[in-house]
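Student: Could we go through this one together, a bit at a time? I'd like to ask things as they come up.
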Amino acid sequence: MKNYEKLLNWRNFKIRLIFEGIIVGLFVGIVISLFRFLVGKSEMYLNEIYMMLSLNHRLIPIWIALIAFLGYFIGLLIKRQPIIIGSGIPQVEGVILRKLHMNWYKVAAGKFIGSLVSIGSGLSMGIEGPSVQIGAALGQGIGTLMKRTKIEIKYLVTSGVSAGISTAFNAPVAGTMFALEEVHKNFSPLVLVSALSSALSSDFISREFFGMKPVFNFKNIVVLPLGYYPCIIILGIIIGAAGVGFSKVLLRTQAIYSKVGIKLELRPIIPFVISAAVAFFLPQALGEGNTLIMLLTKTDWTFKILVVILLVKFIFTMISTGSGAPGGIFLPLFAVGAIIGCIYGNVLVYFLNFKSIYIGSFVILAMAGYFSSVVKSPITGTILVVEMTGSFNNLLPCAIMSITAYLISDILNSKPIYQELLDRLLNNNFKYQKRI
């Protein structure tokens, strides 16, 4: 009888988590869809501003003063709420591990506003990190308002994570896998059902906003023949090593900001002002990187231009993320990987007479490999890129690329970037933990 009661209670708890996950997904879907919409609008208006400035140079000093002020505003915001610094994913992992405390409504509001200003002003940052932290905060808030237990709130935080990724990229399976593989680090049935139900309901909301098309609606992408698979492994080795470099330089850039002695509230001013220079001289490197990724499959750039874009995008991403401004690294990371894949494809075309129609496939595969090398989540990397591109025919080559890049980063003793960032946050900002 007691065993039957335990089984019944477990089933009831499981069913309750599913429904609570759906509720979290609906709320997160609405909020993140609004966030995604506003970021898109702000990027559109930013392009119009720079077009106007190119025609009237007298307004440039006024714009630089304004954008510097926005950088200072972001600096004051992150000084007041250190938990919203950067991506936000390491902080969410810290909350789940009970090493950090999160005031859910302050975090949700601060991250929403801070990330919108940072990404909308042209910084090389993405929406996925903020989407994860906002989703996690809303999950915690719903659990708190419903007066659930700590363990149940923990499940709802994870549900918020999966819903955040799902809404940001129209990728419910990848959102679920990321919540399990990277954030919660637990594949238990309870985590799975709550995260998946949340991801599916949030994906329904996002598709109502943005339609059924994938985030990267690539057309005429030709799948690589099996005979080209050795080239995938070679690219995986290159991408794996490059991903290790991305992680090391990002951590080093953060250290430089600290060693130089620039106050926290002044650091975001640097990338904000630099964004104006980037906009005038190489606008392709501005912003999240999704437009740049699409251009790589449509524009026939020379090898020299691709290398210049790669260097500028990489450096600008380091300066932006290293400053502590709220914003994610997924999309800039994907953009850097995509450029490397495009360069690799062009090299094969030029030197080995490969068909140029396969360059688009190398762009897609390099995105998955670069993510797997930096984040050390090859399953998520594979599924996320497949869902984002809608190219399910690339599942096998994406998996091969992700595993190869992951193994190379492992051989080079590279740790997951979010774990490194969390460790640094706990070590350097321990004094903030009670306050946040």
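Student: Are Phe169 and Phe330 buried or exposed?
Tutor: Both Phe169 and Phe330 are buried, with the caution that this is a predicted model.

Student: Which aromatic cluster do they belong to?
Tutor: Phe169 and Phe330 belong to one aromatic cluster together with Phe178, Phe334, Phe371 and Tyr418.

Student: And how many aromatic pairs are there?
Tutor: The count comes to 17 aromatic pairs. Tyr50 and Trp63 are buried. Phe169 and Phe330, by contrast, form a stacked pair, 6.3 Å centre to centre with 0° between the planes. Here too the pair links distant parts of the chain, with Phe169 in helix H6 (residues 150–169) and Phe330 in helix H13 (residues 330–352), 161 residues apart.

Student: What sits over the ring of Phe210?
Tutor: The charged end of Arg36 does, at 4.0 Å from the centre of the Phe210 ring.

Student: Why does Ala279 count as buried?
Tutor: Because its relative accessible area is 10%, and buried means under 20%.

Student: Changing topic: why is helix H3 described as largely enclosed?
Tutor: Helix H3 (residues 89–96) is largely enclosed by the rest of the structure because 8 of its 8 residues are buried. Those buried residues are Ile89, Pro90, Gln91, Val92, Glu93, Gly94, Val95 and Ile96.

Student: What covers them?
Tutor: The cover over the buried residues of H3 includes H5, H6, H13, helix H7 (172–184) and helix H17 (417–428). Just after H3, Arg98 takes a positive phi of about 65°.

Student: Where does Met125 lie?
Tutor: Met125 lies in the loop between helix H4 (104–120) and helix H5 (128–145). Met125 counts as buried because its relative accessibility is 0%.

Student: What does Met125 touch, then?
Tutor: Not counting residues up to four places away in sequence, the contacts of Met125 include Ser118 and Ile119, Gly287 and Glu288, and also Ser320, Thr321, Ala325, Pro326, Gly327, Gly328 and Pro332. The C-alpha atoms of Met125 and Pro326 are separated by 8.3 Å, with the two residues 201 apart along the chain.

Student: Last one: at what angle do H14 and H16 pack?
Tutor: Helix H14 (residues 359–375) and helix H16 (residues 395–411) pack at about 35°, and their axes are 8 Å apart. H14 passes H16 in a right-handed crossing.

Student: Which residues meet there?
Tutor: From H14 there are Ile364, Leu365, Ala368, Gly369, Ser372 and Ser373, and these meet Pro397, Cys398, Met401, Ser402, Ala405, Tyr406 and Ser409 in H16. The residues of this contact divide into 8 nonpolar and 5 polar, with no charged ones.

Notes: Residues numbered from 1 in each chain as written. Predicted model: local features only at pLDDT ≥ 70, side-chain atom pairs only at ≥ 80, totals over all residues. Heavy atoms only, no water. Axes fitted to C-alpha atoms, helices over the stretch in contact; angles between N-to-C directions. Helix = DSSP H or I, 4+ residues; strand = E, 2+ residues; numbered from the N terminus. Left-handed = near helix turned anticlockwise from the far one by under 90°. Contact = heavy atoms within 4.5 Å. Nonpolar A, V, L, I, M, F, W, Y, C, P; charged D, E, K, R; others polar. Buried < 20%, exposed > 50% of the residue type's maximum accessible area, 1.4 Å probe, protein only. Phe/Tyr/Trp six-rings, centres within 6.5 Å; stacked < 30°, edge-to-face > 60°. Lys NZ or Arg CZ within 6 Å of the ring centre and 35° of its normal.
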